[in-house]
Amino acid sequence: MTLARAHGIVISGIEGLVVEIEAYLAQGLPGMTIVGLADTAVGESRDRVRAAIQNSQLPWPSERRITVGLSPASVHKRGATLDLGIALSILAAHGAIPEPQDVVCIGELTLDGRVNPVRGVLVAALAAHRAGFSRILVPHTQVAEATLVPELSVVGVSSLSDAIAIMRGEELPDFDVVSTKPHTMVVPDLKDVRGQVLARHALEIAAAGGHHIAFLGSPGVGKTMLAERLPGILPPLDDDLAVEVTAIHSVAGKLEAGTGLVRVPPFQAPHHSATVAAMIGGGAHQVRIGIASMAHGGVLCIDEAAEFDRVVLDALRQPLESGSVTVSRAGFTSELPARFQLVLASNPCPCGKFVGTGTLCSCSPPVRRRYISRISGPLLDRIDLRVTLEKPSIVDLDASTPEPESSAVVAARVQEARDRSSFRFRDKPTLLNAHIPGPVLRREFPMEPEAHALLARDVTGLSARGIDRVIRIAWTIADLNGHARPSVNDVAQALSFRDGNGAWMAA
Ligand SMILES: [Zn+2]
(Lines give C-alpha, C1' and ligand atoms only; values in the text may rest on other atoms or scores of the structure.)
Protein backbone atom coordinates (compact mmCIF):
# COMPACT_ATOMS: atom_id res chain seq x y z
CA MET A 1 0.00 0.00 0.00
CA THR A 2 1.28 3.50 -0.72
CA LEU A 3 -1.64 5.47 0.67
CA ALA A 4 -3.07 5.08 4.18
CA ARG A 5 -5.29 7.01 6.54
CA ALA A 6 -5.41 7.58 10.29
CA HIS A 7 -7.40 9.98 12.45
CA GLY A 8 -6.33 12.50 15.05
CA ILE A 9 -7.79 15.51 16.84
CA VAL A 10 -6.87 19.17 16.96
CA ILE A 11 -8.20 21.47 19.64
CA SER A 12 -9.47 24.96 19.03
CA GLY A 13 -10.69 26.84 22.08
CA ILE A 14 -12.39 24.09 24.04
CA GLU A 15 -13.71 22.30 20.94
CA GLY A 16 -12.08 19.25 19.39
CA LEU A 17 -12.10 18.56 15.67
CA VAL A 18 -11.39 15.18 14.09
CA VAL A 19 -8.66 15.45 11.46
CA GLU A 20 -8.15 12.90 8.71
CA ILE A 21 -4.44 12.20 8.23
CA GLU A 22 -3.41 10.76 4.86
CA ALA A 23 0.09 9.55 4.17
CA TYR A 24 1.15 9.01 0.56
CA LEU A 25 4.45 7.41 -0.44
CA ALA A 26 5.61 8.26 -3.97
CA GLN A 27 8.65 7.72 -6.13
CA GLY A 28 10.83 10.77 -6.23
CA LEU A 29 13.28 12.77 -4.24
CA PRO A 30 13.23 11.38 -0.68
CA GLY A 31 11.76 13.77 1.87
CA MET A 32 8.60 14.59 3.76
CA THR A 33 6.08 17.42 3.54
CA ILE A 34 2.96 18.10 5.58
CA VAL A 35 0.14 19.95 3.83
CA GLY A 36 -3.13 21.33 5.23
CA LEU A 37 -2.70 24.55 7.24
CA ALA A 38 -0.32 23.20 9.84
CA ASP A 39 1.39 25.49 12.37
CA THR A 40 5.04 25.25 13.41
CA ALA A 41 4.40 22.62 16.08
CA VAL A 42 2.64 20.37 13.56
CA GLY A 43 5.36 21.10 10.99
CA GLU A 44 8.00 20.00 13.45
CA SER A 45 6.18 16.73 13.86
CA ARG A 46 8.00 15.72 10.64
CA ASP A 47 11.26 15.51 12.55
CA ARG A 48 9.75 14.03 15.72
CA VAL A 49 7.87 11.33 13.81
CA ARG A 50 10.88 10.30 11.77
CA ALA A 51 13.15 10.09 14.82
CA ALA A 52 10.49 8.24 16.85
CA ILE A 53 9.94 5.64 14.11
CA GLN A 54 13.66 5.02 13.58
CA ASN A 55 14.40 4.88 17.31
CA SER A 56 11.58 2.36 17.78
CA GLN A 57 13.39 -0.01 15.33
CA LEU A 58 10.57 0.38 12.80
CA PRO A 59 11.05 0.69 9.05
CA TRP A 60 11.24 4.27 7.73
CA PRO A 61 10.44 4.64 4.00
CA SER A 62 13.72 6.42 3.34
CA GLU A 63 13.64 5.87 -0.44
CA ARG A 64 10.27 7.54 -0.87
CA ARG A 65 8.81 11.00 -1.12
CA ILE A 66 6.30 11.23 1.76
CA THR A 67 3.33 13.58 1.65
CA VAL A 68 1.11 13.89 4.70
CA GLY A 69 -2.21 15.63 4.10
CA LEU A 70 -4.38 16.94 6.91
CA SER A 71 -8.06 17.58 6.28
CA PRO A 72 -10.30 19.53 6.52
CA ALA A 73 -7.60 21.64 4.88
CA SER A 74 -9.39 24.90 5.66
CA VAL A 75 -8.91 24.60 9.42
CA HIS A 76 -5.70 25.71 11.14
CA LYS A 77 -3.98 22.78 12.88
CA ARG A 78 -2.14 23.65 16.05
CA GLY A 79 -0.07 21.74 18.57
CA ALA A 80 1.56 18.35 18.65
CA THR A 81 -1.47 16.11 19.28
CA LEU A 82 -1.34 14.72 15.72
CA ASP A 83 2.15 13.12 16.03
CA LEU A 84 0.89 9.66 16.84
CA GLY A 85 -1.66 9.61 14.01
CA ILE A 86 0.92 10.86 11.50
CA ALA A 87 3.40 8.14 12.51
CA LEU A 88 0.76 5.42 12.22
CA SER A 89 -0.45 6.61 8.81
CA ILE A 90 3.11 6.55 7.42
CA LEU A 91 3.79 3.09 8.82
CA ALA A 92 0.50 1.83 7.38
CA ALA A 93 1.27 3.36 3.95
CA HIS A 94 4.63 1.60 4.11
CA GLY A 95 2.92 -1.71 4.84
CA ALA A 96 4.43 -2.15 8.30
CA ILE A 97 1.06 -2.22 10.05
CA PRO A 98 -2.59 -2.54 9.01
CA GLU A 99 -4.39 0.75 8.35
CA PRO A 100 -5.88 2.07 11.64
CA GLN A 101 -9.66 1.53 11.48
CA ASP A 102 -12.36 3.19 13.58
CA VAL A 103 -9.86 4.65 16.01
CA VAL A 104 -8.71 8.17 16.80
CA CYS A 105 -5.10 8.56 17.97
CA ILE A 106 -3.75 11.45 20.02
CA GLY A 107 -0.36 11.94 21.59
CA GLU A 108 2.88 13.82 21.17
CA LEU A 109 5.92 11.74 20.25
CA THR A 110 9.37 12.20 21.75
CA LEU A 111 12.43 11.58 19.59
CA ASP A 112 13.01 8.20 21.27
CA GLY A 113 9.44 7.06 20.59
CA ARG A 114 7.68 7.66 23.89
CA VAL A 115 4.17 9.15 23.90
CA ASN A 116 3.87 12.37 25.89
CA PRO A 117 0.63 13.60 27.47
CA VAL A 118 -1.27 16.37 25.66
CA ARG A 119 -3.75 18.98 26.79
CA GLY A 120 -7.46 18.55 26.23
CA VAL A 121 -7.84 14.74 26.21
CA LEU A 122 -11.42 14.99 27.49
CA VAL A 123 -12.26 17.43 24.69
CA ALA A 124 -10.65 15.08 22.16
CA ALA A 125 -12.62 12.12 23.50
CA LEU A 126 -15.88 14.06 23.29
CA ALA A 127 -15.11 15.05 19.69
CA ALA A 128 -14.19 11.46 18.73
CA HIS A 129 -17.46 10.17 20.16
CA ARG A 130 -19.49 12.88 18.44
CA ALA A 131 -17.84 12.02 15.12
CA GLY A 132 -18.96 8.40 15.50
CA PHE A 133 -15.68 6.72 16.50
CA SER A 134 -15.83 3.95 19.07
CA ARG A 135 -12.16 3.78 20.08
CA ILE A 136 -9.48 6.27 21.08
CA LEU A 137 -5.76 5.82 21.64
CA VAL A 138 -4.37 8.23 24.26
CA PRO A 139 -1.17 8.70 26.29
CA HIS A 140 -1.42 6.09 29.05
CA THR A 141 -1.27 8.62 31.90
CA GLN A 142 -4.46 10.18 30.52
CA VAL A 143 -6.65 7.09 30.21
CA ALA A 144 -8.78 8.12 33.19
CA GLU A 145 -9.59 11.48 31.63
CA ALA A 146 -10.68 9.90 28.34
CA THR A 147 -12.88 7.35 30.13
CA LEU A 148 -15.03 10.26 31.36
CA VAL A 149 -16.74 9.69 27.98
CA PRO A 150 -18.22 6.31 28.87
CA GLU A 151 -19.30 5.36 25.33
CA LEU A 152 -15.71 5.20 24.06
CA SER A 153 -13.32 2.29 24.35
CA VAL A 154 -10.09 3.86 25.60
CA VAL A 155 -6.62 2.41 25.00
CA GLY A 156 -3.58 3.90 26.73
CA VAL A 157 -0.14 3.71 25.11
CA SER A 158 3.19 4.76 26.57
CA SER A 159 5.20 4.50 23.35
CA LEU A 160 4.91 4.26 19.59
CA SER A 161 5.78 0.55 19.91
CA ASP A 162 2.70 0.11 22.14
CA ALA A 163 0.54 1.75 19.48
CA ILE A 164 2.03 -0.51 16.78
CA ALA A 165 1.27 -3.58 18.89
CA ILE A 166 -2.34 -2.45 19.28
CA MET A 167 -2.65 -1.93 15.51
CA ARG A 168 -1.29 -5.42 14.92
CA GLY A 169 -3.91 -6.81 17.28
CA GLU A 170 -1.39 -7.84 19.94
CA GLU A 171 -2.10 -7.71 23.63
CA LEU A 172 -0.18 -5.05 25.52
CA PRO A 173 1.73 -6.15 28.58
CA ASP A 174 -0.04 -4.88 31.69
CA PHE A 175 1.01 -1.47 32.81
CA ASP A 176 -0.34 0.72 35.52
CA VAL A 177 -3.52 2.36 34.40
CA VAL A 178 -4.16 5.36 36.56
CA SER A 179 -7.63 4.73 37.89
CA THR A 180 -10.20 7.47 38.20
CA LYS A 181 -10.49 9.01 41.62
CA PRO A 182 -13.07 11.65 42.37
CA HIS A 183 -12.00 15.23 41.69
CA THR A 184 -11.58 16.94 45.02
CA MET A 185 -11.17 20.51 46.05
CA VAL A 186 -10.84 21.59 49.65
CA VAL A 187 -13.35 24.35 50.26
CA PRO A 188 -13.06 26.08 53.64
CA ASP A 189 -16.12 25.96 55.92
CA LEU A 190 -18.41 28.82 56.93
CA LYS A 191 -18.26 27.73 60.55
CA ASP A 192 -14.81 29.39 60.72
CA VAL A 193 -16.38 32.81 60.15
CA ARG A 194 -17.41 34.27 63.52
CA GLY A 195 -19.73 37.25 63.70
CA GLN A 196 -20.48 38.99 60.39
CA VAL A 197 -24.15 37.99 60.63
CA LEU A 198 -25.23 40.41 57.91
CA ALA A 199 -22.42 39.43 55.51
CA ARG A 200 -23.04 35.71 56.06
CA HIS A 201 -26.72 36.24 55.31
CA ALA A 202 -25.81 38.21 52.16
CA LEU A 203 -23.51 35.39 51.02
CA GLU A 204 -26.36 32.91 51.47
CA ILE A 205 -28.68 35.13 49.42
CA ALA A 206 -26.00 35.44 46.72
CA ALA A 207 -25.67 31.64 46.56
CA ALA A 208 -29.42 31.03 46.51
CA GLY A 209 -30.20 33.54 43.75
CA GLY A 210 -26.93 33.49 41.78
CA HIS A 211 -26.37 37.18 42.55
CA HIS A 212 -23.04 38.96 42.20
CA ILE A 213 -21.96 40.40 45.53
CA ALA A 214 -19.62 43.15 46.75
CA PHE A 215 -18.00 43.36 50.18
CA LEU A 216 -16.64 46.63 51.48
CA GLY A 217 -14.58 46.71 54.67
CA SER A 218 -11.28 47.36 56.38
CA PRO A 219 -8.31 45.03 55.80
CA GLY A 220 -8.51 41.83 57.83
CA VAL A 221 -12.23 42.09 58.50
CA GLY A 222 -13.00 38.80 56.71
CA LYS A 223 -14.00 39.73 53.15
CA THR A 224 -11.72 37.13 51.56
CA MET A 225 -12.66 34.47 54.12
CA LEU A 226 -16.31 34.87 53.15
CA ALA A 227 -15.62 34.88 49.40
CA GLU A 228 -13.60 31.65 49.61
CA ARG A 229 -16.52 29.92 51.28
CA LEU A 230 -19.07 30.64 48.53
CA PRO A 231 -18.26 27.49 46.45
CA GLY A 232 -18.96 25.40 49.57
CA ILE A 233 -22.59 26.56 49.81
CA LEU A 234 -23.35 26.44 46.07
CA PRO A 235 -25.03 23.31 44.66
CA PRO A 236 -22.57 20.87 42.98
CA LEU A 237 -22.29 21.18 39.18
CA ASP A 238 -24.85 19.17 37.20
CA ASP A 239 -23.69 16.68 34.54
CA ASP A 240 -23.58 19.03 31.54
CA LEU A 241 -21.85 21.83 33.40
CA ALA A 242 -19.41 19.38 35.04
CA VAL A 243 -18.31 18.10 31.61
CA GLU A 244 -17.94 21.65 30.30
CA VAL A 245 -15.93 22.82 33.33
CA THR A 246 -13.73 19.71 33.28
CA ALA A 247 -13.10 20.24 29.55
CA ILE A 248 -11.94 23.81 30.20
CA HIS A 249 -9.58 22.69 32.95
CA SER A 250 -8.32 19.88 30.72
CA VAL A 251 -7.47 22.21 27.83
CA ALA A 252 -5.86 24.61 30.31
CA GLY A 253 -3.65 21.74 31.48
CA LYS A 254 -4.93 22.16 35.03
CA LEU A 255 -6.58 18.77 35.45
CA GLU A 256 -4.71 16.46 37.79
CA ALA A 257 -3.99 13.05 36.20
CA GLY A 258 -6.59 10.44 37.05
CA THR A 259 -9.27 12.68 38.50
CA GLY A 260 -12.92 12.51 37.57
CA LEU A 261 -15.35 15.25 36.57
CA VAL A 262 -15.09 18.58 38.38
CA ARG A 263 -18.20 18.77 40.55
CA VAL A 264 -17.27 21.52 43.01
CA PRO A 265 -17.82 25.02 41.58
CA PRO A 266 -14.36 26.42 40.75
CA PHE A 267 -12.93 29.38 42.66
CA GLN A 268 -10.53 31.86 41.08
CA ALA A 269 -8.99 34.81 42.89
CA PRO A 270 -6.50 36.59 40.62
CA HIS A 271 -3.89 38.97 42.02
CA HIS A 272 -4.55 42.65 41.34
CA SER A 273 -1.58 42.74 38.98
CA ALA A 274 -3.46 40.44 36.55
CA THR A 275 -3.45 41.64 32.93
CA VAL A 276 -6.35 41.62 30.48
CA ALA A 277 -4.75 38.66 28.66
CA ALA A 278 -4.49 36.69 31.90
CA MET A 279 -8.08 37.51 32.81
CA ILE A 280 -9.74 36.92 29.44
CA GLY A 281 -7.30 34.53 27.74
CA GLY A 282 -5.29 34.70 24.56
CA GLY A 283 -1.84 33.57 23.54
CA ALA A 284 0.04 33.47 20.28
CA HIS A 285 -0.18 29.78 19.38
CA GLN A 286 -2.11 27.57 21.73
CA VAL A 287 -5.15 29.19 23.33
CA ARG A 288 -4.34 30.24 26.86
CA ILE A 289 -7.47 29.88 28.94
CA GLY A 290 -8.16 33.04 30.92
CA ILE A 291 -9.06 33.29 34.59
CA ALA A 292 -12.63 34.26 33.66
CA SER A 293 -13.07 30.91 31.85
CA MET A 294 -11.34 28.98 34.63
CA ALA A 295 -14.04 30.42 36.92
CA HIS A 296 -16.83 29.20 34.60
CA GLY A 297 -19.53 27.48 36.64
CA GLY A 298 -18.06 28.86 39.85
CA VAL A 299 -16.82 31.99 41.55
CA LEU A 300 -14.54 34.80 40.38
CA CYS A 301 -13.27 36.75 43.37
CA ILE A 302 -11.84 40.19 42.65
CA ASP A 303 -10.10 40.99 45.92
CA GLU A 304 -8.69 44.50 46.47
CA ALA A 305 -10.80 45.54 43.49
CA ALA A 306 -9.70 49.18 43.54
CA GLU A 307 -6.07 48.09 43.07
CA PHE A 308 -6.86 46.40 39.74
CA ASP A 309 -6.13 48.15 36.48
CA ARG A 310 -9.34 49.82 35.32
CA VAL A 311 -8.92 48.22 31.87
CA VAL A 312 -8.88 44.75 33.45
CA LEU A 313 -12.10 45.40 35.35
CA ASP A 314 -13.68 46.82 32.20
CA ALA A 315 -12.77 43.63 30.34
CA LEU A 316 -15.04 41.70 32.71
CA ARG A 317 -18.12 43.42 31.30
CA GLN A 318 -18.37 41.08 28.34
CA PRO A 319 -18.38 37.82 30.34
CA LEU A 320 -20.74 39.38 32.90
CA GLU A 321 -23.22 40.20 30.14
CA SER A 322 -22.85 37.26 27.77
CA GLY A 323 -21.37 34.49 29.91
CA SER A 324 -18.50 34.06 27.45
CA VAL A 325 -15.25 35.65 26.32
CA THR A 326 -14.01 36.09 22.77
CA VAL A 327 -10.34 35.41 22.25
CA SER A 328 -8.97 36.82 19.00
CA ARG A 329 -5.62 35.80 17.60
CA ALA A 330 -3.90 35.92 14.26
CA GLY A 331 -6.15 34.06 11.85
CA PHE A 332 -9.10 33.21 13.99
CA THR A 333 -11.23 33.88 17.04
CA SER A 334 -12.66 31.47 19.52
CA GLU A 335 -15.40 31.91 22.02
CA LEU A 336 -14.90 30.37 25.46
CA PRO A 337 -17.53 29.96 28.16
CA ALA A 338 -17.10 32.30 31.16
CA ARG A 339 -20.27 32.40 33.26
CA PHE A 340 -19.23 32.96 36.84
CA GLN A 341 -20.56 34.50 39.99
CA LEU A 342 -18.62 37.63 40.86
CA VAL A 343 -17.46 38.44 44.37
CA LEU A 344 -15.90 41.85 44.59
CA ALA A 345 -14.07 42.93 47.73
CA SER A 346 -12.51 46.28 48.47
CA ASN A 347 -11.30 48.59 51.16
CA PRO A 348 -13.65 51.54 51.53
CA CYS A 349 -10.83 54.06 50.99
CA PRO A 350 -7.03 54.13 50.69
CA CYS A 351 -6.52 54.08 54.48
CA GLY A 352 -9.19 51.38 54.88
CA LYS A 353 -10.93 52.94 57.88
CA PHE A 354 -13.98 54.60 56.33
CA VAL A 355 -16.59 52.29 57.88
CA GLY A 356 -19.41 52.91 60.31
CA THR A 357 -19.18 56.57 61.31
CA GLY A 358 -16.02 56.91 59.25
CA THR A 359 -14.42 59.04 61.95
CA LEU A 360 -11.13 57.12 62.00
CA CYS A 361 -10.55 57.68 58.28
CA SER A 362 -7.86 60.14 57.33
CA CYS A 363 -8.70 60.31 53.61
CA SER A 364 -10.27 63.44 52.18
CA PRO A 365 -13.69 63.04 50.50
CA PRO A 366 -12.28 63.56 46.95
CA VAL A 367 -9.59 60.92 47.55
CA ARG A 368 -12.23 58.53 48.85
CA ARG A 369 -14.53 59.19 45.90
CA ARG A 370 -11.75 58.64 43.41
CA TYR A 371 -10.81 55.36 45.08
CA ILE A 372 -14.32 53.88 45.04
CA SER A 373 -15.11 55.20 41.57
CA ARG A 374 -12.33 52.99 40.17
CA ILE A 375 -14.64 50.04 40.63
CA SER A 376 -18.04 51.61 40.82
CA GLY A 377 -18.23 52.59 37.16
CA PRO A 378 -17.71 49.39 35.21
CA LEU A 379 -18.85 46.70 37.60
CA LEU A 380 -20.94 47.93 40.46
CA ASP A 381 -24.03 48.40 38.33
CA ARG A 382 -24.15 44.67 37.69
CA ILE A 383 -23.85 43.72 41.34
CA ASP A 384 -27.15 43.06 43.10
CA LEU A 385 -25.81 42.84 46.66
CA ARG A 386 -23.55 45.34 48.40
CA VAL A 387 -22.51 44.75 51.96
CA THR A 388 -20.33 46.69 54.36
CA LEU A 389 -18.44 44.61 56.90
CA GLU A 390 -17.73 45.86 60.39
CA LYS A 391 -14.99 44.51 62.65
CA PRO A 392 -16.23 41.46 64.59
CA SER A 393 -17.11 42.33 68.19
CA ILE A 394 -15.44 40.86 71.29
CA VAL A 395 -18.56 38.74 71.86
CA ASP A 396 -18.29 37.30 68.31
CA LEU A 397 -14.71 36.23 68.90
CA ASP A 398 -15.33 34.81 72.38
CA ALA A 399 -14.73 31.07 72.34
CA SER A 400 -17.82 30.49 74.52
CA THR A 401 -20.11 31.98 71.86
CA PRO A 402 -21.81 29.09 70.03
CA GLU A 403 -20.05 28.00 66.83
CA PRO A 404 -21.59 29.54 63.70
CA GLU A 405 -23.56 27.42 61.22
CA SER A 406 -21.52 25.15 58.95
CA SER A 407 -21.45 25.33 55.15
CA ALA A 408 -23.45 22.09 54.93
CA VAL A 409 -26.38 23.60 56.88
CA VAL A 410 -26.40 26.75 54.76
CA ALA A 411 -25.97 24.75 51.53
CA ALA A 412 -29.13 22.78 52.32
CA ARG A 413 -31.17 26.00 52.60
CA VAL A 414 -29.59 27.32 49.39
CA GLN A 415 -30.60 24.14 47.55
CA GLU A 416 -34.20 24.43 48.80
CA ALA A 417 -34.41 28.05 47.69
CA ARG A 418 -33.01 27.12 44.28
CA ASP A 419 -35.57 24.33 43.96
CA ARG A 420 -38.31 26.94 44.47
CA SER A 421 -36.96 29.35 41.86
CA SER A 422 -36.30 26.49 39.41
CA PHE A 423 -39.93 25.47 39.72
CA ARG A 424 -41.19 29.03 39.36
CA PHE A 425 -39.07 29.70 36.26
CA ARG A 426 -39.47 26.21 34.73
CA ASP A 427 -40.72 27.74 31.46
CA LYS A 428 -38.00 30.39 31.34
CA PRO A 429 -34.55 30.07 29.74
CA THR A 430 -32.88 30.63 33.11
CA LEU A 431 -33.76 29.38 36.57
CA LEU A 432 -32.04 31.91 38.83
CA ASN A 433 -33.48 35.16 40.20
CA ALA A 434 -30.26 36.98 39.29
CA HIS A 435 -30.69 36.19 35.58
CA ILE A 436 -34.38 37.01 35.13
CA PRO A 437 -34.82 40.38 33.38
CA GLY A 438 -36.48 43.01 35.59
CA PRO A 439 -39.46 43.67 33.28
CA VAL A 440 -40.31 39.94 33.15
CA LEU A 441 -40.13 39.70 36.92
CA ARG A 442 -42.33 42.79 37.42
CA ARG A 443 -44.91 41.79 34.80
CA GLU A 444 -45.30 38.07 35.42
CA PHE A 445 -44.40 37.61 39.06
CA PRO A 446 -46.08 40.24 41.26
CA MET A 447 -45.06 40.62 44.90
CA GLU A 448 -47.56 40.90 47.74
CA PRO A 449 -49.50 44.19 47.51
CA GLU A 450 -48.05 45.58 50.80
CA ALA A 451 -44.52 44.66 49.62
CA HIS A 452 -45.14 46.46 46.39
CA ALA A 453 -46.47 49.48 48.28
CA LEU A 454 -43.36 49.60 50.50
CA LEU A 455 -41.07 49.53 47.48
CA ALA A 456 -43.10 52.23 45.72
CA ARG A 457 -42.79 54.42 48.83
CA ASP A 458 -39.11 53.81 49.35
CA VAL A 459 -37.60 54.03 45.89
CA THR A 460 -36.59 57.67 46.04
CA GLY A 461 -33.11 57.96 44.62
CA LEU A 462 -33.13 54.51 43.04
CA SER A 463 -32.70 54.09 39.28
CA ALA A 464 -34.92 51.68 37.34
CA ARG A 465 -32.05 49.19 37.43
CA GLY A 466 -31.72 49.75 41.15
CA ILE A 467 -35.40 48.94 41.66
CA ASP A 468 -35.05 45.73 39.64
CA ARG A 469 -32.08 44.75 41.80
CA VAL A 470 -34.16 45.16 44.95
CA ILE A 471 -36.99 43.08 43.44
CA ARG A 472 -34.60 40.26 42.43
CA ILE A 473 -33.07 40.16 45.91
CA ALA A 474 -36.53 40.25 47.49
CA TRP A 475 -37.48 37.14 45.48
CA THR A 476 -34.38 35.28 46.64
CA ILE A 477 -35.05 36.24 50.26
CA ALA A 478 -38.64 35.01 49.81
CA ASP A 479 -37.31 31.72 48.37
CA LEU A 480 -35.02 31.29 51.39
CA ASN A 481 -37.91 32.06 53.75
CA GLY A 482 -40.25 29.65 51.97
CA HIS A 483 -42.66 32.42 50.94
CA ALA A 484 -44.70 32.00 47.75
CA ARG A 485 -43.92 35.62 46.87
CA PRO A 486 -42.02 38.47 48.52
CA SER A 487 -43.65 39.82 51.68
CA VAL A 488 -43.25 43.29 53.09
CA ASN A 489 -40.43 42.05 55.33
CA ASP A 490 -38.61 40.39 52.42
CA VAL A 491 -38.64 43.69 50.54
CA ALA A 492 -37.53 45.63 53.63
CA GLN A 493 -34.52 43.32 53.93
CA ALA A 494 -33.75 43.61 50.24
CA LEU A 495 -33.84 47.41 50.52
CA SER A 496 -31.23 47.28 53.27
CA PHE A 497 -28.72 45.83 50.77
CA ARG A 498 -29.35 48.38 48.04
CA ASP A 499 -26.32 50.56 48.69
CA GLY A 500 -24.22 48.66 51.19
CA ASN A 501 -25.42 50.79 54.10
CA GLY A 502 -24.39 53.98 52.39
CA ALA A 503 -20.68 53.27 51.99
CA TRP A 504 -20.82 52.84 48.20
CA MET A 505 -22.66 56.14 47.92
CA ALA A 506 -19.31 57.87 48.42
CA ALA A 507 -18.92 57.40 44.69
ZN1 LIG B 1 -9.58 56.42 54.60
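Does C351 count as buried, partly exposed or exposed, and what is its relative accessibility? Let's start there, friends, and please keep in mind that this is a predicted model. C351 comes out at 26% relative accessibility, so it counts as partly exposed; the cut-off for buried is under 20%. C363, on the other hand, sits at 13%, which means that it counts as buried.

Both of these cysteines belong to the zinc site. The protein donors of the zinc ion are the SG atoms of C349, C351, C361 and C363, at 2.2 to 2.4 Å from the metal. Along the sequence, those donor residues follow the spacing C-x1-C-x9-C-x1-C. C351 and C363 are 12 residues apart, and each is in the loop between β17 (341-346) and α14 (365-376). As for geometry, the 4 donor atoms subtend angles of 107 to 114 degrees around the zinc ion, so the arrangement is tetrahedral.

Now over to the largest pocket. It holds about 1,400 Å³ of space, and 42 residues line it. Lying nearest its centre are G210, R339, T430, L432 and H435.

Let me finish with α9, residues 239-251. Buried residues in α9 include A242, V245, I248 and H249. After the helix comes G253, with a positive phi near 75 degrees. Thanks, everyone!

Definitions and conventions. Residues numbered from 1 in each chain as written. Predicted model: local features only at pLDDT ≥ 70, side-chain atom pairs only at ≥ 80, totals over all residues. Heavy atoms only, no water. Buried < 20%, exposed > 50% of the residue type's maximum accessible area, 1.4 Å probe, protein only. Helix = DSSP H or I, 4+ residues; strand = E, 2+ residues; numbered from the N terminus. Donors = N, O, S within 2.8 Å, 3.2 Å for Na, K, Ca; no water. Tetrahedral: all angles 85-135°; square planar, octahedral: opposite > 155°, others 65-115°. 1 Å grid on protein atoms, 1.4 Å probe; cavity = no way out; pocket = protein on both sides within 12 Å on 5 of 7 lines; lining within 4 Å. Points joined across faces, edges and corners; volume = space filled by probe spheres on them.
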